[in-house]
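This briefing is meant for a reader meeting the structure for the first time.

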Amino acid sequence: MPATVVVGTQWGDEGKGKLTDLMAKDVRLVVRYQGGHNAGHTIVVDGETFVLQLVPSGVLYSHTTPIIGNGVVVDPAVLLEECGMLERRGIDTSRLVVSGNAHLIMPYHYELDKMTERYLGHNKLGTTKRGIGPAYADKAARIGLRAQDLLDPKIFRQKLDVVLREKNAILSRVYNRLPLDADDIADLYLGDLAPKLAPMLGDSVALVHEALSAGEQVMLEGAQATFLDVDHGTYPYVTSSNPTAGGACVGTGIGPRDIDRVVGIVKAYTTRVGSGPFPTEADGETADVLVERGHEYGTNTGRRRRPGWLDLVMIRQAVRLNSISELALTKLDVLSEFDTIKVCVAYEAAGARYEHMPYHQSVLHDVTPVYEELPGWRSDLKGATSAAQLPGAARAYVDLVAAQAGVPVTFASVGPGREQYVSFAP
Ligand code: IMP
């Protein structure tokens, strides 16, 4: 049976964790395909909140095997801590498999992430400072250390010594920082972390293909989102991996013909964290309502997210970039606060109208959103369990998204709980 991809359509924090968790109830494997612990996927089960950074959402079901794919960058200490947290809360993590090809986040990656941001000054990207960019840069430069290197201390140490020479030269001579000690790093990674991580390491590609051949359901879980994609996002204000659906192939070791369903997650409004263009960004009371009602503070970093109205130009572009087959709308209940709700259906710049994202970012910086205004519903959606129970105005909002995006909306979330959603599936 072909795989399903779950992908964010905006700048992240769309509520992918909840959707992935919900969909995982029918699948055998859930595979994370990119990113690292810059992500924070929140799932609420029976009033209990779980925040997952690296472990795929499927871990909460005993019938799924969660896999960290080769496209993910892993800080082993963070992963082990997350597993410990889950175990203490009664969640069995023994089924977790980590791809031996996943790259490791090393102590110097954190240092370099912080220093690069500092030196960029007011041009900084606003990264999560988790070493993500430097780890992917080393992967591309072919000097990264992989999870499988933890199983071969001699190779690990050889690679570390080579790479640390250059990193320490940069840290001390460019950034005026203290050099890092290879023995300390080797003690931590090989002495402390490797024995604990070793039982989790495996051949994730083989596992995925065995499941697909056996006709089992496989779900590929993205982190971050379409417009944080290093190729298709608002570069340079992006992450360093490919959250778009194409990244799901590369990050798990399958080809495009192994995927037949791509679910795009759309938050009913827009947020972004960090710097970069944001045509529908709101301010004043609208911004405060979206942030406070939507709890729009970074799951990991606590940063206030920048809020704004839903931008359907972005969603149309996301449908194209990911070949999205259906959309799932999250946080619809947050909009219950408004008398009138604005939705951006096009952009205007220098007398031209754009139905699709302008390719040139200088144009994107200057666009004015063209809004449609819809009446709000001003009622609590949290108890709705079927489409029939949604107020007409909320239903009209969902219909507008589907019509403008050109793909059906099959699901709308109306509260944080696992059971708080409405299905529009036929
Ligand atoms: P990095 O991924 O830490 O390098 O950060 C690059 C950009 O991606 C910054 O603007 C971050 O705020 C953003 N970013 C990274 N991960 C997430 C996420 O999970 N949600 C939202 N934004 C993110």
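**Ligand, cores and a buried aspartate**

In the ligand site, an N or O atom in the side chain of glutamine 224 lies 3.3 Å from a nitrogen atom of the ligand. The protein covers 96% of the 470 Å² of accessible area that the ligand has on its own. These values should be read with the reminder that the model is a predicted one.

**Around the ligand**
- The ligand is surrounded by 15 residues, and the closest are Asp13, Asn38, Thr128, Thr239 and Arg303.
- Sorted by class, this shell holds six nonpolar, seven polar and two charged residues.
- Threonine 239 has a side-chain N or O atom 2.6 Å from an oxygen atom of the ligand, while a polar side-chain atom of asparagine 38 is 2.9 Å from an oxygen atom of the ligand.

**Nonpolar cores**
- In soluble globular proteins, nonpolar side chains tend to be buried together.
- Here the largest nonpolar core has 72 residues, and Leu220, Leu335 and Tyr397 are those with the most contacts inside it.
- Once neighbours within four places in sequence are set aside, leucine 335 is in contact with Ala268, Tyr269, Leu290, Trp309, Ile341, Trp377 and Tyr397.
- Another core, of 50 residues, lies apart from the largest one and includes Ile105, Met106, Leu112 and Met200.

**Aspartate 138**
- Aspartate 138 is placed in helix α4, which spans residues 132–141.
- Aspartate 138 counts as buried because its relative accessibility is 3%, where buried means under 20%.
- Not counting residues up to four places away in sequence, aspartate 138 touches Tyr108, His109, Ile143, Gly144, Val163 and Lys167.

Key:
Residues numbered from 1 in each chain as written. Predicted model: local features only at pLDDT ≥ 70, side-chain atom pairs only at ≥ 80, totals over all residues. Heavy atoms only, no water. Near = heavy atom within 4 Å. Polar contact = N/O pair within 3.5 Å; in protein donor to acceptor, adjacent residues only side chain to side chain. Areas by Shrake-Rupley, 256 points an atom, 1.4 Å probe, with all protein chains shown as cover. Nonpolar A, V, L, I, M, F, W, Y, C, P; charged D, E, K, R; others polar. Core = buried A, V, L, I, M, F, W, Y, C linked by side-chain atoms within 4.5 Å. Buried < 20%, exposed > 50% of the residue type's maximum accessible area, 1.4 Å probe, protein only. Contact = heavy atoms within 4.5 Å. Helix = DSSP H or I, 4+ residues; strand = E, 2+ residues; numbered from the N terminus.
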